[in-house]
Amino acid sequence: MKVTLKVWRQKSRNTPGEFKTYESPALNPNMSFLEMLDVVNEELANRGEEPIAFDHDCREGICGTCSLVIDGKPHGPHQGVATCQTYMRSFKNGDEIVVEPFRARAFPLVKDLVVDRKALDRIQHAGGFISVRTGSAPDANNILVPKENADLAMDAAQCIGCGACVAACKNASAMLFVAAKVSHLGLLPQGQPERHRRVKAMVDQMDAEGFGGCTVTGSCEAVCPKEISLDFIARMNRDYAAALIRGEPKPIAGSGAG
Amino acid sequence: MATLNSNIPAGPLAQKWEHHKFSTKLINPANKRKYKIIVVGAGLAGSSAAATLAELGYEVHNFVFHDSPRRAHSVAAQGGINAAKNYQNDGDSVHRLFYDTIKGGDFRAREANVHRLAEVSVNIIDQCAAQGVPFAREYGGLLDNRSFGGAQVSRTFYARGQTGQQLLLGAYSALCRNIANGGVKSHTHAEMLDLVVVDGHAKGIIVRNLQTGEITRHNADAVVLATGGYGNAYNLSTYARGSNATAIWRAYKRGACFGNPCYTQIHPTCIPVSGDYQSKLTLMSESLRNDGRVWVPKKKDDCKRNPADIAESDRDYYLERMYPAFGNLAPRDIASRAAKVVCDEGRGIGETGLGVYLDFADAIKRLGEGKVRERYGNLFAMYHEITNEDAYQTPMRIYPAMHYTMGGLWVDYNLMSNLPGLFVLGEANFSDHGANRLGASALMQGLADGYFVLPATISGYLATQKPDKRPATDNAAFKQAEESVQTITKRLLNNKGSRTPASFHKALGKLIWEHCGMARTKAGLERGIKLIGELREQYWKHVKVAGEAGEWNQSLENAGRVADFMELGELLCRDALHREESCGGHFREEYQYTKNDAEVQQGLVNPGDVKRRDDVFAYVAAWEYAGEGKAPVLNKEPLVYEEVKMSTRSYK
Ligand SMILES: Cc1cc2nc3c(=O)[nH]c(=O)nc-3n(C[C@H](O)[C@H](O)[C@H](O)COP(=O)(O)OP(=O)(O)OC[C@H]3O[C@@H](n4cnc5c(N)ncnc54)[C@H](O)[C@@H]3O)c2cc1C
Ligand code: FES
């Protein structure tokens, strides 16, 4: 099979970009989408043209590095898979395929199809953790976690941090990403002490990074490679409301080193 | 010659670590912040180390080539992590985990290191559970376990098929907390391209910013490398595409010894190669061998038939037949070689004939499809995406693939290299797995090194260094290292060649796989060394790198990494050539059991099993760089076994 690619090319953040059209060489339908790009890039390089920059690493749907919008959809045509798990058999001979980067104000472009998603890390820095020093943990089986909670926490914890939810959202909101972390930790007994502080800090940082608000269109859930559920956003909203009612956490009198 | 002192503490094995921690010098709390430590890498080993060192009060700088620490290749580990908790009450203990690991490594690891690993394994699980790692649970709320190859107890903790991801996110969360409170400065998209050595001590690194191309110098009192394994030298592997050996290789060229490079692990259960365009091989977790049964047809003529039409009596469940005690859970090196043997006999399945079946029909009958789905659902889904086949209906096709490297930079008991001030953790060092690693033990080692070992040992070195006295970055050694990096970059970009780095990487991978893969011979290795040398010459003549230095340039990144793999590939073959024995993942055809050997007649091993030569080769081979174009120098660290008797490794 062969396809025609319309690819976003942009040398750097400060130079204008444009779509360029490339004809693929003969392809095997069992190739992954990224292997198809590898093959196209080898051709470009051999012709003396600059290869298309795109992000990737694990190529098995777990690291969250790959980040393409394929025919208008982050991570391409299929539900529940990342770009790297998209195979050419999902396309037909002669198809024209449009390939763009994940676009959002909070994701500045680096080159061609590569964007900078460090804003997501900064949200995690704000509170995406349980404060436990190395060496200070009790025996693991002293903390009982009902299987249902552990399973639900795992459903949320699977987030690969790719940012497809942001790219799909018309408001470029990162609510699903934040909700996944907040729910994962909030569902576990270990996560209770910092539960309200965490949700407030993370949501505030999300706003500060320039991500938009959530209007519950569900486009994030639809493109999430790990099919993380919108229910987690509802869960986070409840926690956030509770955190606002409780106000800033106050230290208990007399605590701390004397 | 390098001086190799393993610094294994004296005293009874089980008390070495306790004693050593007590006798290691501490740094007083007020002085800790005066020491700056560079940690390169944020996989399980790097992020756990960086977070813990910052908690102790050191000034930590963390560097990763990824855009975020959370993307380190550890994220891809599927199956689980071992720990001697004995929660299942099935007879596990620190000693049993120690023994299984020593035996699994075919008696080529250091006893003291492995014992320490088994000891701290229990703390790892506690630490991770407290961080909120959502391990699998039983209905009562307790932690669940599964079994893994090379063990007869259930000691593996897991989080569905995404254990590495969850452990990494746990360590990343600890890192985030310490970034937020200022303990760690995180440098991302920052690739270390050289180690700076001042007066024989590691005192800094040279880094390229992958977004801007800017080259910067960074000084420190100690440098920690946790940069992962070098398996991508084989090009096709289960590693992420970005995994590379540049950090450890350039440290090697600055004087750090490379331990046992030929100990590489070929994993038995990966999806077979389908075409020349292939960029990576996907692992199907070893945990599948708990319930899946491995077989090939007994008759060559059946190989192309639909497996459903092959009668039970015409199937050869060869692992169950050859290794009845461990069956499908035989260790990786053994299971991989057995697959190669049956395929070489012409009984392999699939289009290429390089494949065997992993069949779940019995498990589905016994447990029901629901239970199988619950245990392995995501793996079956992954298999389906890649092959378009439904493994609930028809057996999976699998074949061995390059997966892990036991070798790595040589380190002593303190995880310090022969270059003082350079520490090496995780898959990047050679320390704990001998000639073969057991499943679910790499995650354990990475976290042991990062959370518990290095934070306790590094003070021993720092105490010998005056606080606030590290060399400044205008020191001549920094200047020289930066120039050396710039020279390589210029040479690559200015080369007027015609072939891409990727095409060379493919060629190199094929050479190494063919000459230094699952079965190695003297003649093959000699030929491999010659051909790799020729390819390297071609590389520098004909490589063509697109783009410029001062921008995001994946061609350039890749070109540097491939250049290092070219050199490392040769060392790999040299080491394999010099080791005239078979052990673990290193199989030399000349050294295998035959039906005339007593061990075979006693029923301990099968003909074709690996044959060690303890009288000659019970040592660690630590290779030392001798300069461009010169043969590397071999240093030997004898392996002294005080507790265990080196014996024939039997899984029958
Ligand atoms: C598919 C797969 C499944 C696996 N499953 C299991 C399992 O179930 N159980 C188990 O125990 N083990 C498993 N393993 C092995 C295990 O995952 C790895 O050995 C382990 O995670 C390695 O961790 P690490 O911290 O040493 O390195 P990595 O996780 O590879 O991290 C390397 C880090 O170094 C950085 N880095 C590298 N080079 C540079 C440089 N030059 N400059 C700056 N930064 C650099 C990277 O950015 C990254 O942060 C699996 C491996 C694979 C491939
Ligand atoms: S490349 Fe890792 S998720 Fe796609």
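Strands β7 (residues 201–209) and β8 of chain B pair in the antiparallel sense over five bridges; strands are DSSP runs (E, at least two residues) and helices are runs of H or I with at least four residues, numbered from the N terminus, and two strands pair if DSSP finds at least two bridges between them. This is a predicted model, in which local features need pLDDT of at least 70 and side-chain atom pairs count only at pLDDT 80 or more, while totals for chains, interfaces and linings use all residues; side-chain values use heavy atoms, with hydrogens and water left out. Residues are numbered from 1 along each chain as its sequence is written, with chains lettered from A and ligands numbered from 1 in the order in which they are written.

**Antiparallel sheet, chain B**

- Three strands form an open sheet in the order β6-β7-β8, with antiparallel pairing.
- Its edge strands are β6 and β8 (215–219), each of which pairs on one side only.
- From one strand to the next the twist averages 25°; axes are lines fitted to C-alpha atoms (for helices over the stretch in contact), and angles run from 0 to 180 degrees between N-to-C directions.
- Val207(B) has Thr216(B) in β8(B) as its bridge partner, and Gly204(B) stands opposite Asn219(B) in β8(B).
- The hairpin of β7(B) and β8(B) has five residues between the strands, and Gly213(B) takes a positive phi near 80° there.

**Parallel sheet, chain B**

- Five strands make up an open sheet with parallel pairing, in the order β5-β2-β1-β9-β17.
- The edge strands here are β5 (184–187) and β17 (422–424), each pairing on one side only.
- Neighbouring strands of this sheet are turned by 20° against each other on average, direction ignored.
- Strand β1 (residues 36–40) runs parallel to β9 (residues 222–225) and is joined to it by four bridges; Ile37(B) stands opposite Ala222(B) in β9(B).

**Ligand 1**

- There are 36 residues around ligand 1 (a heavy atom within 4 Å), and His66(B), Ser74(B), Met192(B), Glu427(B) and Leu443(B) come nearest.
- A polar backbone atom of Ala42(B) is 2.9 Å from an oxygen atom of ligand 1.
- For Ala45(B), a polar backbone atom is 3.0 Å from an oxygen atom of ligand 1.
- An oxygen atom of ligand 1 also lies 3.2 Å from a backbone N or O atom of Ser441(B).

**Cavities**

- The structure holds 14 cavities of 30 Å³ or more; a cavity is a set of points, on a 1 Å grid over the protein atoms alone, where a 1.4 Å probe fits but cannot get out.
- The second largest cavity has a volume of about 130 Å³, a volume being the space filled by probe spheres set on the points.
- It is lined by 14 residues (an atom within 4 Å of a point), of which Leu193(B), Thr489(B), Leu556(B), Glu557(B) and Gly560(B) lie nearest its centre.
- The elements of chain B that give two or more residues to this lining are β6 (190–198), α7 (246–253), α13 (476–494) and α16 (554–578).
- Six nonpolar, three polar and five charged residues form the lining of the second largest cavity; Ala, Val, Leu, Ile, Met, Phe, Trp, Tyr, Cys and Pro count as nonpolar, Asp, Glu, Lys and Arg as charged, and the others, Gly among them, as polar.

Note on methods:
On a 1 Å grid over the protein atoms alone, a cavity is a set of points where a 1.4 Å probe fits but cannot get out, and a pocket is an open set with protein on both sides within 12 Å along at least five of seven lines; lining residues have an atom within 4 Å of a point. A polar contact is a pair of N or O atoms within 3.5 Å; within protein, one must be able to donate a hydrogen and the other to accept it, and residues adjacent in sequence count only if both atoms are side-chain atoms.
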